[in-house]
Amino acid sequence: MDALSRLLQLAQVQVSIDVRCLLGGGFVLPHAQLQQEAAFHHVLAGECRLQLPGRELQLQAGDFVLLPLGSEHEVHSALPIRSVALQVQQPLMKTEPALPLKTNVQEQSDASVELLCGRFRYAQGAGQLLACWLPEVLHVSLKDVAPDSDLKVLLQWLRAEAQGAPRPGAHAVIDGLGQAMLALALRAAPQSPLPAGLLPLLADARLAASIRAVLDASGRNWTIEALASTVAMSRATYARRFQALAGCGVAEFVLRIRIMQACAWLAAGQSIAGVAEAVGYGSEAAFVTAFKRVMGQTPARWRRAGSLHVLCHNRAE
């Protein structure tokens, strides 16, 4: 399994497409801060703006925006005209669609923008660490990574499931297509200017085998030399390239992967001593120290409290 798929699996990422929006005129859609969820918007047609504190993004058809930490934001009409909070929800069809529709127009032809809005839920611990490792705002065009024909098929399928009366499995199909959109967006991200971090690292063809190696055997004693040998590079070249792409050293990367895996096993009920050995620590005390450094508390307290507290190192660096 490739590294990105493995990380999404480890984080137990699950999509929920909440609403399809058909909007016209001046509008504003406020979105409150989410907890342990990532917010996303995909523009199916037209243009709009997404506003964050101190930042505004212009969105057009094909654009996908992911807010991994569920940051508070607003979606506005494309033109900076007087906008009013959207309150009207009028049915454009006689039957209730599989996906709730939010609209402020009487006819579909009156809409200037069509959006899909939803959330990605992720597991406590491993999922939170992955979210903290992603850019605070990820804005990509799915057209950059999916051929027009493939993307058109995906979106036509989504519309067909969302617009019509619910068919057996409709929500599973809609959410499955949303899961595919997330993977496409994360795949497309390195084609845009990004700061050093997880996504540029995962996209690097030269280092890919070594990243998979760590994910497949997080308990192994991974030194720079050992990882460099998996991709036939010298120690110095590997360390230099890794640091430039990831924005952190090899040891820090291995630590994060180990703690992500540890969180998943701890949440599944495995013993602290067993998890410590499985992720490569010679003693339970050493594991507790490493876990506390990343998560801000001991494994026992983290599991007992079900805490949402995570120290996002890449935010502080």
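Which helices each supply at least two residues of the lining of the largest pocket? In this predicted model, local features need pLDDT of at least 70 and side-chain atom pairs count only at pLDDT 80 or more, while totals for chains, interfaces and linings use all residues. Residues are numbered from 1 along each chain as its sequence is written, and side-chain values use heavy atoms, with hydrogens and water left out.

The helices in question are H1 (3-10), H4 (170-188), H5 (198-203) and H6. Helices (H or I, at least four residues) are DSSP runs numbered from the N terminus. A pocket is, on a 1 Å grid over the protein atoms alone, an open set of points with protein on both sides within 12 Å along at least five of seven lines, and its lining residues have an atom within 4 Å of a point. The volume of the largest pocket is about 320 Å³, a volume being the space filled by probe spheres set on grid points that are joined across faces, edges and corners. Its lining comprises 17 residues, and Asp2, Leu4, Ser5, Arg187 and Leu202 lie nearest the centre. H1 gives the most to this lining, with 4 residues. By class, the lining has 12 nonpolar, 1 polar and 4 charged residues (Ala, Val, Leu, Ile, Met, Phe, Trp, Tyr, Cys and Pro count as nonpolar, Asp, Glu, Lys and Arg as charged, and the others, Gly among them, as polar).

Cavities were examined on the same grid, a cavity being a set of points where a 1.4 Å probe fits but cannot get out. The structure holds 2 cavities of 30 Å³ or more, and the largest cavity has a volume of about 110 Å³. Of the 13 residues that line the largest cavity, Val13, Tyr122, Leu130, Leu134 and Leu182 lie nearest its centre. H2 (126-133) and H4 each supply at least two lining residues, and H2 gives the most, with 3. This lining divides into 12 nonpolar, 1 polar and no charged residues.

H6 (residues 208-216) also packs with H9 (residues 250-267): their axes come within 9 Å and cross at roughly 40°. Axes are lines fitted to C-alpha atoms, for helices over the stretch in contact, and angles run from 0 to 180 degrees between N-to-C directions. H6 and H9 are therefore oblique to each other (angles under 35 degrees count as roughly parallel, over 145 as roughly antiparallel, 65 to 115 as roughly perpendicular and the rest as oblique). Ile211, Val214 and Leu215 of H6 and Phe253, Val254 and Ile257 of H9 make the contact (heavy atoms within 4.5 Å).
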